[in-house]
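Please keep the sequence and the coordinates in view while reading.

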Amino acid sequence: MALFDTDELVLNMGPQHPSTHGVLRVVLRLDGERVVGSDVVIGYLHRGIEKLCEHRDYLQIVLLTDRMDYVSAATSNLGYCETVEKLMQIEVPPRARYIRTILAELQRIASHNLWLGTHAMDIGAMTVFLYNFRERELVLDLFEDYCGARLTYNAVRIGGLPLDIPAGWDQKVRAYCDLFESKIPEYEELLTHNRIWKERTQKIGVISAEDAIALGLSGPLLRGSGVPRDVRKDEPYAAYADFDFDVPIGTLGDTYDRYLVRVEEFRQSLRIIRQAIDGLPEGPILGKVPRLIKPPAGETYHAIESPKGEIGFFIASDGKSITPYRFRVRPPSFCNLQALPRLIKGHLVADVVALIGSIDIVVGEVDR
Amino acid sequence: MLDAIAFYTLAALILAFAIAVITARNPVHSVVFLVINFLAVAIVYIVLGAEFLAMIQVLVYAGGIVVLYLFVVMLVNLKRGPEAHQDPRRQTGAGVGLAVAVLAELTAILAYTGRNPLPAVVPAASARGPGGNTEQLGWLLYTTYLIPFEVASMLLLVAMIGAIVLARKVD
Amino acid sequence: MSFWVGDWTLITSRERLIELARRLRDDRDTAFDFCSDVTAVDWLARAERFDVVYCLYSTRHRHRVRLKVRAADGVSVPSVTALWPAANWLEREVFDLFGVRFDGHPDLRRILMPDEWQGHPQRKDYPLEGPGELLMENPLDWLKLRNEIE
Amino acid sequence: MTDLFVVPLLQIVVVLNAVLVAVTYMVLLERKIIAWVQSRLGPMRVGPHGILQPIADALKLLLKEDITPIRADRWIFTLAPIISLVPALIAFAVIPFGGEATLFGHRVPLYIANVNVGLLYIVSITSIGVYGIILAGYSSNSKYPLLASLRASAQLISYEVAVTLMLVSVIVTTRTLSLVGIVEGQMRQHIWYVFIQPVAAVVLFIGGLAETNRTPFDLAEAEQELTGGFHTEYSGMRFAMFFLAEYANMIVVSAVMTTLFFGGWLSPFPNVAAAHFLWYIPGWIWFLLKTFVLLYVFIWIRATLPRYRYDQLMRLGWKVLIPVALVNLVVSAIVRVFL
């Protein structure tokens, strides 16, 4: 029956495509509708941040870490500052650690909001997109009250925080948590038990626990496959040790499980924020930090849990100069994206769209 | 009088489009002409008062079969004609032969009907019963012509199953 | 072997890298099954110029280690993609930005820079600002030109 | 003489204009309703509350440059939108908006033509609409529209089968093909057919959604997959025609549903004494009201449901809808014979 051998159609889901969440190019080799093979081409947004940081002093780099994963800037700031604190053995006062945790969790909710909106929009549910962005605005307002910026916050300093929370800010956060708690069922009502949503996401892009670990996946992608790995629990940083929250785990590791994991993380983040607000200690917000930051010779690697996964900072300093000798970021989106060719093999073109959304990548972080 | 004018113009139209179907270079153009041809035939049915037949003609022919022709034309890009039939000599020979045979057969039928005119086989075509000719057709189809109806449906079924078996991708 | 600021660091040679990595991964009580990062540091002053750094993590015992291998310019390092598929893209990035070749890597080509790019931008001797508007074919020629002028 | 020519001509003019205006305002209505569902305002800028927005859209599309791709098949390229719009408009010829009405002394039936194969007429006309999509995809001469048009036409044909089978089972209960006859039948039996044939109503609605490429089935112009579907290359007035065709088809489907299942121009509670004041509202207002409710459901679905994948869509069409239609046909035939 070789009479009808359709030659493979090479389809270029090019850099400009509505559902590739940024300038990412996926070259698909199709047999009819089914994806036979694919190759991911990245690098369109490469700004050489790591090279730039080698010529910036330690305070200026905080600005650059905002620009990598522009959807969760506070988390990258926090990660970088904690790495330098670890390098220079600086002690951060408890109040700063609590506020930092609140900022990180608020950032996680905002990032998941954006993810759920675009993911649902790719599969056709337009309303969820707008609901999510309505809630995301509330988080951005909170950040604006705190540090004046809505996207690239620059809200963390080495050794603590630049400014204390304005008066009444914690009431606003508490009010936001109650409001958002009532909004999550709205998303679930539209999607979780929706037959079409289930049919479009269940058993799509299944990845087993072993493969997920071997491929270096992290965050909701890893937890969706059933691996209980969360940097907040395994290597508690900031003030996570003082809070109790549980880590949502998936079973099958398909797009639907990843969706459930992330929606459950909404609730866990709210729990953490509430506990942090209630137990907010008094005291200074900046530890004793030498005026000129010049870490001793040596290198360290420190990872924290960003909404996309484990974001790690590797800093090597030669002890002489005030600029890091080598500045390296382990971007979760970059490593998670590596699984894309394996995930979409054998699926249809429509699933590729759902899968790119399910991995939740930000190209700024992939290309650095 | 009105019917005669309508009939002749429509007949001319049908002939014109039929010729256009054959002469059109681009296969899609010829398919479009085919559709218009079938629509013209449907209008002739309406002029004759058999509106059920007209609608069926539009639904089955123009709406169904020709769409599948279009599928074939678009899927198998016919930009380059099949090589086997390129040499003109063989083409025209077969063409002329066929034309003569058809002509002979037509004249034979005409001669035969000239001598003893056929009984009005289907009175329903012009009868304006309460339900229009749909009801008459229905009664006729399921009473006097039941066997050919069943045989035809069996034939179609077999053809469908055959098509499915052929098209099944061996994977 | 050294311990500083809370991290364990192991320094090995290129030859024993694969064997040590396999033991670290398969041994029951180390079980480093998660390769979180592969990167490199360019110590220009040293003869063996590049430090290839592997950050490993064990999901079972929840501890971390950093494996370091020294490699001179032009010397290739055995690839660990066979042990941890995660290292595939990470090693490609190190090759793209530093020029350290990984033999045994399934598909070693540039990942971030355009394919026909000359030079490896992350190296210390690579200029920070390029030639700007007079974009030369090869930034390294521009570098030579600039050195001659001074 | 006037009855034969002038009155139908007037009717046609009125209905066509009404439909075209209705279609443009349907666009505004949809944007407003979806906006309201998504807790935003929708078009507010042109005129109070965006009332004049459709006029602005129409002008914009008229003035926009009408580009034809270079190697496109020029004739078919211009023909395709016409083929997709004309059937949608012709289908209104058979839909009964109201019963008899006397205007300026003339007996004016509130429907253009009481053809006794009305229902069949609508089905066959909509089947012509498929050509518009196929030819559009073919003539744009580029890879994506071709694929999209093939998928769209395959979808239309498979759902057409389901819809036609379902209509057959409805005809078993109405015993006549003429739409006016159906409504009169419902008046005589004092019951709407939706209660006799609930399954038919649901399947016909789903089929209608698929026929007009609406949301769970709007694969033809799924923005995320094949960039833009079959009307990628169209712009200006030709694109507007495709747009109008889609909305006109939507109105046709809801009008047919209203006539078939919800008793065309009958007031809702004919035999309930208390509701007698409802009788004074003329028939065609009821018809418009019911059609509006159905259109609202169309839009409501578009705002909430995600989109099917292509193979799931076809599987639903062939493996679910058609068997259900067949079973319903057999059941209604048996009920018809024994009752």
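C:Asp42 is buried, because its relative accessibility is 2%, where buried means under 20% relative accessible area, exposed over 50% and partly exposed in between, computed with a 1.4 Å probe and protein chains only. The side chain of C:Asp42 meets that of C:Arg49 in a salt bridge with an N to O distance of 2.9 Å; a salt bridge is a side-chain nitrogen of Lys or Arg within 4 Å of a carboxyl oxygen of Asp or Glu. C:Arg49 is likewise buried, with a relative accessible area of 8%.

Some conventions apply throughout. The model is predicted, so local features need pLDDT of at least 70 and side-chain atom pairs count only at pLDDT 80 or more, while totals for chains, interfaces and linings use all residues. Residues are numbered from 1 along each chain as its sequence is written, chains are lettered from A and ligands numbered from 1 in the order in which they are written, and side-chain values use heavy atoms, with hydrogens and water left out.

Chain C has an average pLDDT of 81, and 87% of the residues score at least 70. Confidence in chain C is lowest in strand S1 (residues 2-4), with a mean of 64, and highest in helix H2 (residues 87-98), at 89. Helices (H or I, at least four residues) and strands (E, at least two) are DSSP runs, numbered from the N terminus.

Helix H1 of chain C (residues 17-26) has the buried residues C:Leu17, C:Leu20, C:Ala21 and C:Leu24. These residues lie on the same side of H1(C), because they cover an arc of only 100° around the axis, the arc being that of the directions from the helix axis to the C-beta atoms. Against what do the buried residues of H1(C) pack? Their partners are strand S2 (7-12), strand S4 (50-57), strand S5 (64-71) and strand S6 (77-78) of chain C.

Over all chains, a search of the whole structure finds 54 salt bridges. One of the pairs in chain A is A:Arg174 with A:Asp278, whose closest N and O atoms are 3.1 Å apart. This pair links distant parts of the chain, since A:Arg174 lies in helix H6 (residues 169-191) and A:Asp278 in helix H11 (residues 255-278), 104 residues apart. A:Arg174 is partly exposed at 32% relative accessibility, whereas A:Asp278 is exposed at 56%.

A second pair in chain A joins A:Glu265 to A:Arg223, with the closest N and O atoms 2.4 Å apart. A:Glu265 lies in helix H11 of chain A and A:Arg223 in helix H9 (residues 220-224), so the pair ties together parts that are 42 residues apart in sequence. Through shared partners, salt bridges join A:Glu265 and A:Arg223 with A:Glu105, A:Arg108, A:Asp230, A:Arg232 and A:Glu305 into one network.

Elsewhere in chain A, A:Phe143 is placed in helix H5 (residues 126-147) and is buried at 1% relative accessibility. Beyond its neighbours within four places in sequence, A:Phe143 is in contact (heavy atoms within 4.5 Å) with A:Ala74, A:Leu103, A:Leu106, A:Gln107, A:Gly148, A:Ala149 and A:Tyr153. The C-alpha atoms of A:Phe143 and A:Tyr153 are separated by 7.7 Å, and the two residues are 10 residues apart along the chain.

In chain D, D:Ser332 belongs to helix H11 (residues 310-338) and is buried, with a relative accessible area of 7%. Leaving aside its neighbours within four places in sequence, D:Ser332 is in contact with D:Ser169, D:Val172 and D:Gln197. By contrast, D:Leu63 in helix H2 of chain D is exposed, with a relative accessible area of 71%.

Finally, the chains may be considered together. Four pairs of chains touch, and the most contacts among them are between chains A and C. Chain B and chain C do not touch, their nearest C-alpha atoms being 30 Å apart. No contact joins chain C and chain D either, with closest C-alpha atoms 26 Å apart.

Conventions: pLDDT = per-residue confidence, 0-100.
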